[in-house]
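Please examine the sequence and the three-dimensional model shown below. The paragraphs that follow go from the overall fold to individual residues.

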Amino acid sequence: RYRYRHSKKRIKRDNWLNFELFLATELGKTLQELRMNMTEAELIYWAAYYENKYEEEKKALQRQKRNLG
């Protein structure tokens, strides 16, 4: 029980771990598989890609709201 609560808190605080878990899920891999088969550089590129994608989607949503309003 303690470990679950501790892990849950760590995931909330640790953005990098949170991203690794997200990417592993997106790629259909376990966290261990992701870490063993992907270089740190590639992982950083994935993080930048998803950050850019999020920002573009956010801008598109703002434009859509302005056009409707």
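Read along the sequence, the protein chain follows the pattern α-α-α-α. It has 4 helices and 0 strands, where helices (H or I, at least four residues) and strands (E, at least two) are DSSP runs numbered from the N terminus. The model is predicted, and local features need pLDDT of at least 70, side-chain atom pairs count only at pLDDT 80 or more, and totals for chains, interfaces and linings use all residues. Residues are numbered from 1 along each chain as its sequence is written, and side-chain values use heavy atoms, with hydrogens and water left out.

The overall dimensions come next. The protein chain has a radius of gyration of 16 Å, whereas a compact globule of 69 residues would have one near 11 Å. The radius is taken over C-alpha atoms, and the globule rule is 2.2 Å times the number of residues to the power 0.38. Along its principal axes, the C-alpha trace spans about 50 × 30 × 20 Å. Of the 69 residues in the protein chain, 14% are buried; buried means under 20% relative accessible area, exposed means over 50%, and partly exposed lies in between (1.4 Å probe, protein chains only).

Among contacts between residues at least 6 apart in sequence, 31% join residues at least 24 apart, a contact being heavy atoms within 4.5 Å. The accessible surface of the protein chain comes to about 6,400 Å², of which 51% belongs to carbon and sulfur atoms. Accessible areas come from the Shrake-Rupley method with a 1.4 Å probe, and for residues only the protein chains shown count as cover.

Rings of Phe, Tyr and Trp (its six-membered ring) pair if their centres lie within 6.5 Å; planes under 30 degrees apart count as stacked, over 60 as edge-to-face and the rest as tilted. By this rule the count comes to 7 aromatic pairs. One of them is the tilted pair of Trp-16 and Phe-19, at 6.0 Å centre to centre with 40° between the planes. Trp-16 and Phe-19 are separated by about one helical turn, because they are 3 residues apart in helix 2 (residues 15-27). Trp-16 counts as partly exposed because its relative accessibility is 37%, whereas Phe-19, at 13%, counts as buried. Trp-16, Phe-19, Phe-22, Trp-46, Tyr-49 and Tyr-50 form one aromatic cluster.

Which residues does Glu-20 touch, not counting residues up to four places away in sequence? They are Leu-31, Leu-34, Arg-35 and Leu-43. Glu-20 has its place in helix 2, and its relative accessible area of 7% makes it buried.

Other positions can be followed in sequence order. Lys-12 lies in helix 1 (residues 2-13) and, at 66% relative accessibility, counts as exposed. Its C-alpha atom is separated by 26 Å from that of Leu-61, 49 residues apart along the chain. Asp-14 is found in the loop between helix 1 and helix 2 and counts as partly exposed at 23% relative accessibility. Between Asp-14 and Glu-55, 41 residues apart along the chain, the C-alpha separation is 21 Å.

Further along, Gln-32 is found in helix 3 (residues 31-37) and is exposed, with a relative accessible area of 56%. Gln-32 and Leu-21 are 11 residues apart along the chain, and their C-alpha atoms are separated by 9.9 Å. Asn-67 is found in helix 4 (residues 40-68), where a relative accessible area of 68% makes Asn-67 exposed. Asn-67 and Tyr-50 are 17 residues apart in sequence and 26 Å apart in space, C-alpha to C-alpha.
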